[in-house]
Amino acid sequence: QVQLVESGGGLVQAGGSLRLSCAASGTFRSINTMGWYRQAPGKQRTFVARITSSGNTYYVDSVKGRITISRDNAKNTVFLQMNNLKPEDTAVYYCNAQVILDYWSSPRDYWGQGTQVTVSS
């Protein structure tokens, strides 16, 4: 089975920074795209950023210039460096990975358990 374990959330003042990490473990062949989503209270989960296995990155417009996604393929880990945080960034942040289990499998989505990010004004 594949597990995604997130860390790095917390409470920070507006303008501050946090760095989230998500490590994939288990038995699998490879990981394609890895990404981050967030869910604010009372709202649906939405896309934040993703990075392909070759390093191409994509961001939602509201975080461009403030948030950077990166990954360490050797450690199956994805990072989210968040700078100049705003109260509207407050949410539970979820890691996502498209995992290929073996040579005969199509990519399958896996999710982490979520990590809380709270930005105070």
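Mentor: Before more, two notes on reading the model. Residues count from 1 along each chain as its sequence is written. The model is predicted, with local features needing pLDDT of at least 70, side-chain atom pairs counting only at pLDDT 80 or more, and totals for chains, interfaces and linings using all residues, while side-chain values use heavy atoms, without hydrogens and water.

Trainee: OK. How many bridges do E1 and E3 share, and in which sense do they pair?

Mentor: Five bridges, antiparallel, with E3 covering residues 18–25. Strands here are DSSP runs of E with at least two residues, numbered from the N terminus. Two of them pair if DSSP finds at least two bridges between them.

Trainee: And what order do the strands of that open sheet take?

Mentor: E1-E3-E8-E7, four strands with antiparallel pairing. E1 (3–7) and E7 (67–72) are the edges; each has a single partner strand, so one side of each lacks a neighbour in the sheet. On average, neighbouring strands are turned by 15 degrees against each other, direction ignored. For angles, axes are lines fitted to C-alpha atoms, and values between N-to-C directions run from 0 to 180 degrees.

Trainee: Switching to E9. Which strands does E9 pair with?

Mentor: Take E4 (residues 30–39): antiparallel with E9, eight bridges. Met34 faces Ala97 there. E11 (residues 115–120) is also antiparallel to E9, over three bridges. Val92 stands opposite Gln116 in that pairing. Then there is E10 (residues 108–111), antiparallel again, with four bridges to E9. Gln98 has Asp109 of E10 as its bridge partner.

Trainee: How many of the ten E9 residues are buried?

Mentor: Eight, so E9 (residues 91–100) is largely enclosed by the rest of the structure. Buried is under 20% relative accessible area, exposed is over 50%, and partly exposed is in between, with a 1.4 Å probe and protein chains only.

Trainee: What about the largest nonpolar core? Which residues have the most contacts inside it?

Mentor: Trp36, Val78, Leu80, Met82 and Tyr93, in a core of 29 residues. Such a core is a set of buried Ala, Val, Leu, Ile, Met, Phe, Trp, Tyr and Cys residues joined through side-chain atoms within 4.5 Å. At least two residues each come from E3, E4, E5 (46–51), E7, E8, E9 and E11. E9 gives the largest share, five residues.

Trainee: Disulfides next. How many turn up?

Mentor: One, in a search of the whole structure. The rule is two cysteine sulfur atoms within 2.5 Å. Cys22 is joined to Cys95, S to S 2.1 Å. The torsion about the S-S bond is -80 degrees, making the link left-handed. Cys22 lies in E3 and Cys95 in E9, 73 residues apart.

Trainee: Are those two cysteines buried or exposed?

Mentor: Cys22 is buried, at 0% relative accessibility. Cys95 is buried too, at 0%.

Trainee: Now charges. How many salt bridges are there?

Mentor: Three, where the rule is a side-chain nitrogen of Lys or Arg within 4 Å of a carboxyl oxygen of Asp or Glu. Arg38 meets Asp89 at 3.0 Å, N to O. Arg38 is in E4, while Asp89 is in the loop between E8 (77–82) and E9, 51 residues apart. Arg66 also bridges to Asp89, the closest N and O atoms being 2.7 Å apart. Shared partners join Arg38, Arg66 and Asp89 into one network. Arg38 and Asp89 are both buried, and Arg66 is buried as well.

Trainee: And the remaining one?

Mentor: Lys64 with Asp61, 3.0 Å from N to O. Asp61 is exposed, at 61% relative accessibility.

Trainee: Last topic: rings. Which residues form the cluster?

Mentor: Tyr37, Phe47 and Trp111, linked by ring pairs. Rings of Phe, Tyr and Trp (its six-membered ring) pair if centres lie within 6.5 Å; planes under 30 degrees apart are stacked, over 60 edge-to-face, the rest tilted. The Tyr37 and Phe47 centres are 5.7 Å apart with planes at 70 degrees, so that pair is edge-to-face. Tyr37 is partly exposed, at 24% relative accessibility. Tyr37 and Trp111 are edge-to-face too, with centres 5.1 Å apart and planes at 65 degrees. Tyr37 is in E4 and Trp111 in E10, so this pair ties together parts 74 residues apart in sequence.
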